[in-house]
Amino acid sequence: FPFPYTPYRIQEQFMEALYGALEAGRVGIFESPTGTGKSLSLICGALSWLRDWEEKRRQEEARLLALGARGEDRLTPQQARPGSADTAGEPDWVTAFVQRKEERDMVDRLKEEQIRRKKREDHLEKIRHNVQLKYAAKRKRCEEDEAKRLLQLSKEALSQGAGEGVLDQLDHNEEELILAEYESDDEKKVVSGLEEDDDDLEEEHVTKIYYCSRTHSQLSQFVREVQKSPFGKDTRLVSLGSRQNLCVNEEVRRLGALQLINDRCIEMQKNKHEKKSDEENEGKKRRVSRTVCPFYSYEQMQFLRDEVLVEVKDIEQLVSLGRETKACPYYGSRFAIPAAQLVVLPYQMLLHEPTRNAAGIKLKEQVVIIDEAHNLIDTITCIHSAEVSGSQLCCAHSQLSQYMERYRKRLKAKNLMYIKQILYLLERFVAMLGGNVNQNPGCQAVSQTGTVLKSINDFLFQSQIDNINLFKVQRYCEKSLISRKLFGFVERYGGPASAVKTNKENQKVAGLQNFLLTLQHGSDKEGTPQSPPVEAEHDHLRTASPLMQIEGFLSALTNANQDGRVILNRQGTVGQSSLKFLLLNPAVHFAKVVEECRAVIIAGGTMQPVSDFREQLLFSAGVDPARVVEFSCGHVIPPENILPIILCSGPSNQQLEFTYHTRDLPQMMDETGRILCNLCNVIPGGVVCFFPSYEYEKQVYGHWEKTGLLPRLAAKKKIFQEPKKANQVEQVLVEYAKCIKRCSQTGGQMTGALLLSVVGGKMSEGINFSDDLGRCVIMVGMPYPNIKSPELQEKMTWLDKTMPRAAGQAPSRVLTENLCMKAVNQSIGRAIRHQKDFASILLLDHRYARPAIFNKLPQWIRERTQVKSAFGSAFAELRK
């Protein structure tokens, strides 16, 4: 395998196993600890395979074409198409003729494909060398811009005369189905009259590798690794992202919330398509909603597409190129998909079928690599679950009925029918929460509070909507873009004093709801309802289109009855109550990916415990166990660089067991404090201590303050706490790192810093405590999930019903253990980041020594772990 430097032995093993899995079309679960160069191994292994595969296909094509060129007669049936056995009862000459025709067609198709490929390669080669071409294009662009600006000015002068006509012109024909987002493939044909020549470059999907990860920063990191790798020069790579990350139109970007950015973008394209027929009305219309995006220009986007294919670019480079070339990176990058060899994208985009289709991602016979996949099951569950609040339901009902009143005369019967069905659905949903849509949701108290779970069918029957075809309603919502039109309507006429006088009550509701929503959103984040006015305004914007959320909920209800549940969460008032759809069976949505792809690789730093991937995702999705391969490699650090200890009791011989009942006892909190004090005396640099939850961390901190233990701790290490707000994490980490650096340079009483974090919080994933930032990681207790949560209970019941018992343990029990250990493994894996790094890992709870739990630690940590029943010997080891 080509590699930028001499690979570690484990990297070679990783690449060999990966190559084998891709070649054989397997589903692989690959584990390679962070710090072992996993990304590079993935890149070099997968791209080596792809190169060989393309080469093989070329040779095969050449062979067939050569045979074809020598004359059809000599083609034996087996050579061209193995497996086309002669159909019984056909005369030989018929069979031969049919076969000959098939062979000829195949040769023709190969010839065409070859021509196309040659064309693309020449085209890209030309771009690589032809700098003049770029400058010519740039000059032309500047001239166009100038012309556009003049045109815009004259239009503005015209539109000053606008005013009264606005009202009538909103939806001149509600029935007209404007291109919805997922038809973005056809948009190419609609936009400017294309020259034939250009279109030839649109070839069939090249065999490619889809690489997905969780966040944009992880993807950018990966692209930089590709740039450094030996494949960086000649790989056609395209990065995909959301409009929020890729949009270069400042006016649209300013909207901030993803939903609003999406809406505005689509509206602008719609305007582009409507422009042709609407020129004469243009003077009357309000300019702002009729603007067309200047970056959505077919020529510029093709130019961008070619640039992307010629040289590997990450998202940041793509965006700046888009700004410079006045081309939309969001659509330009999508045009590059068919010809690309490596497509890098966030995994929400790949795992959600509608989004996948919208982007033009075809999985048939392709390779998918999902990195950072330790929480893949949760991710799929989250993407396909949906929640709507009572206030959103009431708000949507109020908006939609006002919309219907206003345009009743102009709407076609079919539209009215569907709008009435949606209104009826909203009404029934609110009734299920114990409320009435015509009253203010914030003032209606709920009589029976609490949480109820229902199967989908029960929910449909009890809410009396089982006679409505949800599939049709869902399709209508997609095709008619009703939620977008409603959003435009509310944007124009909404606001505190609604312009539509349907009934006084509704009108008050609308203004009040917006206020309530801002309050509710503010209080969700903080626990206190005071949020700065700026945020309130922003939230008002975000909830301006509640029908969007509700569409998500409706489409969730079309899942099969056994695969999901509806949770009715009744709280205080109808406005605060909510309906939530919970997906129980993630395999139904993953099945399609596994079926269509040639090979799927699920990779991560810590994939242990692997059993839930096998059982819940793969076997449930109908994957043949023989197709699944597992690969787990050790770490690159020498064994003496890591000291994992399971500690069963503390300095005063108090047994360590942090269950829900015992962890609140003062003696447990005291013991934890004593352990930390002792450790901080001998450990240099940074110590990271993980607690099972924010609440518990707060409680312990408060207790230490009262008992005077904090000052003792603070004498040795400056104490930092993980903030609850995501935007403050960066700052805390910077301070933490500065403090450690300062202490190591000055040398004095203070030896570093102590960071109190939370499992599953902001610090436990994706943040690296390398070198001095994490010389010791401590895990207080076992972070079991909250078993009281109705969602988890339902999932447990469902697993017990549908999954086989493993090794005498109930699947529900295995689930809670696995969730706990996945969280632990994520948190403790953060300390070792490269070959020369060293750290100790302390697990404070005697339950870690139980075989079932112990075996779920990552192999490279498990092999080196010591179980210590007394604190003394553990402390001695640590000191060493």
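**Strands and helices: a short tour**

Hi everyone, let's start with two strands: β2 (residues 209-213) and β5 (residues 367-370) pair in the parallel sense over 4 bridges. Within that pair, Tyr211 stands opposite Ile369 in β5. Two strands count as paired if DSSP finds at least two bridges between them. Helices (H or I, at least four residues) and strands (E, at least two) are DSSP runs, numbered from the N terminus.

A quick word on the source. This is a predicted model, where local features need pLDDT of at least 70 and side-chain atom pairs count only at pLDDT 80 or more, while totals for chains, interfaces and linings use all residues. Residues are numbered from 1 along each chain as its sequence is written, and side-chain values use heavy atoms, leaving out hydrogens and water.

Back to our strands. Which sheet do β2 and β5 belong to? They sit in an open sheet of 7 strands, in the order β3-β4-β2-β5-β10-β1-β11, with parallel pairing. At its edges are β3 (237-239) and β11 (628-632), each pairing on one side only. From one strand to the next, the twist averages 15°.

Now look for helix α8 (residues 216-228), which lies across β2, β3 and β4 (342-346) and runs at about 160° to β4. Angles run from 0 to 180 degrees between N-to-C directions, and axes are lines fitted to C-alpha atoms, for helices over the stretch in contact.

Next, please find strand β17 (residues 839-844). Is it mostly covered or mostly open? Mostly covered: 6 of its 6 residues are buried, meaning under 20% relative accessible area with a 1.4 Å probe, protein chains only. Ala839, Ile841 and Leu843 point one way from β17, while Ser840, Leu842 and Leu844 point the other way. β17 runs parallel to β12 (residues 642-647), joined by 6 bridges, and Leu643 stands opposite Ser840. With β16 (residues 776-780) there are 5 bridges, also parallel, and here Ile778 stands opposite Leu842.

Last, a pair of helices. α29 (residues 666-682) and α31 (residues 709-716) pack at an angle of about 20°, with their axes 9 Å apart. That makes α29 roughly parallel to α31, a label for angles under 35 degrees. Who meets whom?

Note on methods: Angles under 35 degrees count as roughly parallel, over 145 as roughly antiparallel, 65 to 115 as roughly perpendicular and the rest as oblique. Contact means heavy atoms within 4.5 Å. Buried means under 20% relative accessible area, exposed over 50%, partly exposed in between (1.4 Å probe, protein chains only).
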